[in-house]
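Biologist: I am new to reading protein models. Could you walk me through this one, starting with its ligand?

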Amino acid sequence: MAKKTTARSKDASLKEPLITLSAGPVAAYPRILQAMARPVQYDYDPWFQQFYEDLTKKAAKAMRTRAPALILQCEPAPAIEATAASLISPNDVVLNLASGVYGKGFGYWSARYHKEMVEIEVPFNESIDAAVVKAAFKKRPDIKVVSLVHHDTPSGTINPAREIGRIVRDHDALLIVDAVSSFGGMDIHPDDCFADVFITGPGKCLGGAPGVTFMAVSDRAWRHIKKNPKAPFASILSLSDWKDAWRKDKPFPFTPSVADINGLDAALDIYLEEGAENVWRRHALTAKATRAGIKAMGLALWAKTEAIASPTCTAVKVPDGIKDSDIIAAARAELGVVFSSGRDQTKGKLIRIGHMGPVAEPVYATVAVTAFGTALRKLGKKIDVGAGVEAALAVIAKG
Ligand SMILES: *Cc1c(COP(=O)(O)O)cnc(C)c1O
């Protein structure tokens, strides 16, 4: 009998990647995957309710904040949309800070809920200047909610969250910080950047799967949500539904994503056991070594200055005359290494090398540089891959 062919089997030459250096999601730690395979406990069982309460406290400990974390049963993008829906009332003037695709995108969500939006947009290879935020408040003291993406991943650049947070708090406005691809990979916490809603998840720097979100929400933010006549209830966009779910004596509004919750627990254990500072150090060193290797091969970084280049993702400018997709395909075909492209406005202009979770280890800088250089060679560019690897190794040796 003839073998059945499907659309999938026709593409049998496409092998599973060997090493994924994407900008997330990442190849998760085996320990996290094992935790996700634990029995799915009944959510109303007292054992699970205690486990969930403990987990919210563990997440708060990792975020170095007091109140138990708010966990949403979705990946971070819908959680950010839920934040816009819950926090922004029809009376609110929103200041949207856009230095990349995620920052710009928040403005589209905000538009459904706000009274008016003021936007500061910079070229997507630059970061937001705190002084410009200060000036915006001077012009518009009625700004009530500010949204900031700490690390706009499709640009691989970092915004000065602490300086901006200080200014927002001084003006008594509320700050939303998307720290999805920076928390766990560098020194960023809700309290030190004065975030009223701080959003992150296990699928990036913690090396987990992307199914849930954990957040820190300030009392000021909860009060604002309570006063918002349009804040949703009994909805995927509701933060309020899950506000008290951390308490073991409170029912869940809907069934939690038990397997993902188990995975988050393991992700936080790995992070806390290794020690935050150690985790940040290996992310920073991997990124620094990668940047050195990329530059030594005569390639350019996307970030306008290296000071704003992310320690969790390196964006490399696509060299003239070559297509980003050809470089990505060649790296994959030649060495089994996967990189990320840009997205929306940065698509075609840059390629991203992720340093998140298990691959935020210095040795992967040499892997990234080797694969990137080899791909360009394959496409006919004269590239000194050895010089790139030596430069990366020199950074690693210095530590
Ligand atoms: C990954 C990411 C998100 C979440 O996107 P998902 O599609 O939910 O994974 C949000 N913000 C930033 C900056 C991210 O990098």
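Modeller: Gladly! A polar contact is a pair of N or O atoms within 3.5 Å; within protein, one must be able to donate a hydrogen and the other to accept it, and residues adjacent in sequence count only if both atoms are side-chain atoms. Here, an oxygen atom of the ligand lies 2.4 Å from an N or O atom in the side chain of E75. A polar backbone atom of A77 is 2.8 Å from a ligand oxygen, and one of P76 is 3.4 Å from a ligand oxygen. Before we go on: this is a predicted model, where local features need pLDDT of at least 70, side-chain atom pairs count only at pLDDT 80 or more, and totals for chains, interfaces and linings use all residues. Residues are numbered from 1 along each chain as its sequence is written, and side-chain values use heavy atoms, with hydrogens and water left out.

Biologist: Which residues surround the ligand?

Modeller: A residue counts as near a molecule if one of its heavy atoms lies within 4 Å of it. Among those around the ligand are E75, Y102, H151, D178 and K204.

Biologist: What does "buried" mean, and is K104 buried or exposed?

Modeller: Buried means under 20% relative accessible area, exposed over 50%, and partly exposed in between (1.4 Å probe, protein chains only). K104 has a relative accessible area of 16%, so K104 is buried. This lysine is found in helix α4 (residues 101-110); helices (H or I, at least four residues) and strands (E, at least two) are DSSP runs, numbered from the N terminus. Contact means heavy atoms within 4.5 Å. Leaving aside neighbours within four places in sequence, K104 is in contact with N96, A98, E119, E121, F124 and Q345.

Biologist: Why is α8 described as largely enclosed?

Modeller: Twelve of its 17 residues are buried, so the rest of the structure largely encloses α8. Its buried residues include V258, L264 and Y271. Their cover includes α1 (30-36), α2 (46-62), β2 (70-72), β10 (213-217) and α9 (276-296). Just after α8, G275 takes a positive phi of about 95°.

Biologist: And how do I read a nonpolar core?

Modeller: Think of a set of buried Ala, Val, Leu, Ile, Met, Phe, Trp, Tyr and Cys residues joined through side-chain atoms within 4.5 Å. The largest one has 86 residues, and L95, F183, F198 and F214 touch the most other members. Helix α8 (residues 258-274) gives this core its largest share, eight residues. Apart from it lies another core, of 27 residues, including I294 and M297.
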